[in-house]
Amino acid sequence: MKREVPLFITFITGILIIIALFIPHKPFGQLQTTFNDWLIIVGGFTMILGLDSLLLHNWEKIKRKKEGWLSAAFLIASFFITLFWGFGEGIFFHRNPFDASATFLRYFYTYIFVPLQSTMFSLLAFFIASAAYRAFRAKDPNSTLLLSAAALVMLGRVPGGQAVAPWIFAFVLLLLAYYFFNESKKTSGTQQTVYIILAIITLILIYPVFYILLHYLNGIADWIMNIPQMAAKRGIWIGISLGGIAMSLRIIFGIEKTYLR
Amino acid sequence: MGIILPILIFLYSPFKGVKAFDTPDDGGGSITIKWELLKEDSSVMRYDVYRYESLKDTGVLIGSVLRGSNTYQDIGTKDGKQYWYRVAAIYPDTVLFSNLSSPAVSKAQWFNSKTKASLFILLFFGIVLFWFTEEAKKGKRTYIRKIAGLEAVEEAVGRSTELGKPILFVPGIGLINDITTIAALSILKRVAKKAAEYESRVIVPNFDPIVMVAAQETVKEGYTESGRPDLYNENDVFFLTSDQFGYAAGVDGMMMREKPGAIFLQGTFYAEALILAETGHSVGAIQISGTTSVTQLPFFIAATDYTLIGEEMFAASAYLSKDPLMLGTIKGEDLTKLIFIIIIGIGVILETFGIHIISNWFSIF
């Protein structure tokens, strides 16, 4: 019964929600909103469980003087200060603690909470740089392609990118030609001929690449974003949608039970 | 005068063509009002919509829309009752009234015609899934390709145990009604089972209290299935905060303090994805990520060792349990995807040559 009852509830709820999508007539049309309301109510009550867990977890840290116990103490202190400040403002000063002009909101939310959030968000800039450095290393043909596409999109989107990009790419091609010539000196026979041909092709490409980037870089960046990038994204979306439907049907019909005890 | 005035307005007003009709595909209680835009629409400030409950009624202003708009939805109607509507074009110095619409009655529909495509796909997909499930019941074996991210679960848990470090499982910032979170919990169960086998500790910080309760049950079940319920510690699966960046800061702090040997980033992630993945990378943990948030996938691919891309997350429970029924549904999913790819491919070729058979067929939905 411990498994059957939740499975039955899941089946009925899932089927009703599917029916509600296709039948707007009462009582089906309102079902989704009703279920969502229930979820919000249940969610509100589980917040008590969440707070209990949070406080206990941090209290344990303080009790055992584990690493970072001071942060735990700070968290518990902040929690109770916030709670009592909110109540106090209502009880002693007869002010609504949720009013935007209340001192509690103005000082704690605007001057502590929001700057802390912004600080965390701003870290993303540095993390993007370090992740990009690792991802854009031209170690094989695929990552070279990724690097070139990324460089074109970045230069195509930044102010002044169109003026700089032709020179950057021309310089890279020149370096590549130099590399091929150098390699040709180290080899002989057919391989040497191939390297020389590659070097010549690279040199020939400098002018057309320079010309194209000078005139069409923004268009190329837009094309990369709108066609290949979007195609890949949509492919993933189709997979996710079908996977989501399959998983939902598995849960509704009780095939998937891993989320149950 | 009461009857003559509307007749005069109707005959001489340039503002005509007001239509009122029951809003299609809804649950009732709504009438849509539409009108032809005036030639001098750019001089109009706004359009006021009046509702009349009878022809003798003086009318009630129910709402306004800005110039350029020619539709208004009255969502306060009683089903089965007749209503008339008039629209007034408000100019800076004058008001131009339209004719009175013909009576309209709102009612609830029994089928939402906008969901025809969804119904068709659901039915087709459902039939395919159940056909493959039946095949699996008959004992037909299903091949499923290797998913590197899932194969690496054991390696990650093992390595973490060897290093004597805990395992950190981050279920993201999705709620329990998010199917990705449920998929993440399936992976958590596997991780917990493995961790119990190796007598390792799993830490699960949660963003949502309901997910926390579900995660506690999942980890407990994982430890119990491995025969080590004594190792389960409820305090290791806890609620952190429901604030996005507060959660990121909390988990980052945990990574720096606990230095986990393996980090699982599984679930719904937004801007915090890279913050978490890069911090995990900096502490030298083996990282297995998985999300259905397409915009965060590149970050995970760049910063973590293995990534479950979108649908691979949903296949995880079937892949890990090797249950033939569940694997059957994966096969059905793949067949449907193949059919979609073929239709899209043919559609692209036909459209390129100006043949619109497929796009016309889809437009009937």
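What follows is a chat about a predicted model with chains A and B.

Colleague: How many residues does each chain put into the contact between A and B?
Modeller: Chain B gives 62 residues and chain A gives 54 residues. Bear in mind that this is a predicted model.

Colleague: And what classes of residue are on the chain B side that touches chain A?
Modeller: That side of chain B has 34 nonpolar residues, 18 polar ones and ten charged ones.

Colleague: OK, domains. Where do the bounds fall in chain B?
Modeller: Domain 1 of chain B runs over 4-105, domain 2 is made of 113-140 + 324-363, and domain 3 covers 148-321.

Colleague: How many residues do domains 2 and 3 of chain B bring to their contact?
Modeller: Four residues come from domain 2 of chain B and four residues from domain 3 of chain B. On the domain 2 side, three are nonpolar, one is polar and none is charged.

Colleague: What separates their centres?
Modeller: Taken over C-alpha atoms, the centres of domain 2 and domain 3 of chain B are 32 Å apart.

Colleague: Switching to chain A, which domains does that have?
Modeller: Chain A is split into domain 1 (4-126) and domain 2 (140-252). Their centres, again over C-alpha atoms, are separated by 45 Å.

Colleague: Back to chain B. What's the strand order in the open sheet of three strands?
Modeller: The order is 1-2-5, and the pairing is antiparallel.

Colleague: Which strands sit at the edges?
Modeller: Strand 1 (19-22) and strand 5 (71-74) of chain B are the edge strands, each pairing on one side only. From one strand to the next, the twist averages 20°.

Colleague: How many bridges between strands 1 and 2 of chain B?
Modeller: Four bridges, with strand 2 being residues 31-34 and the pair running antiparallel. If you want a spot to look at, B:Ala20 stands opposite B:Ile33 in strand 2 of chain B.

Colleague: What about strands 13 and 14 of chain B, parallel or antiparallel?
Modeller: Parallel: strand 13 (residues 286-291) and strand 14 (residues 306-309) of chain B are joined by four bridges. Here B:Gly290 is the residue opposite B:Leu308 in strand 14 of chain B.

Colleague: Remind me, what holds paired strands together in general?
Modeller: Strands in a sheet pair through backbone hydrogen bonds, in either a parallel or an antiparallel way.

Colleague: Last one: which helix goes with strands 13 and 14 of chain B, and what unit do they make?
Modeller: Helix 8 (residues 297-303) of chain B does, and together with strand 13 and strand 14 of chain B it makes a right-handed β-α-β unit.

Notes. Residues numbered from 1 in each chain as written. Chains lettered and ligands numbered in written order. Predicted model: local features only at pLDDT ≥ 70, side-chain atom pairs only at ≥ 80, totals over all residues. Contact = placed C-beta atoms within 7 Å. Nonpolar A, V, L, I, M, F, W, Y, C, P; charged D, E, K, R; others polar. Domains from an automatic or database assignment. Pairing = 2+ DSSP bridges. Helix = DSSP H or I, 4+ residues; strand = E, 2+ residues; numbered from the N terminus. Axes fitted to C-alpha atoms, helices over the stretch in contact; angles between N-to-C directions. Right-handed = clockwise from strand over helix to strand, strands pointing away.
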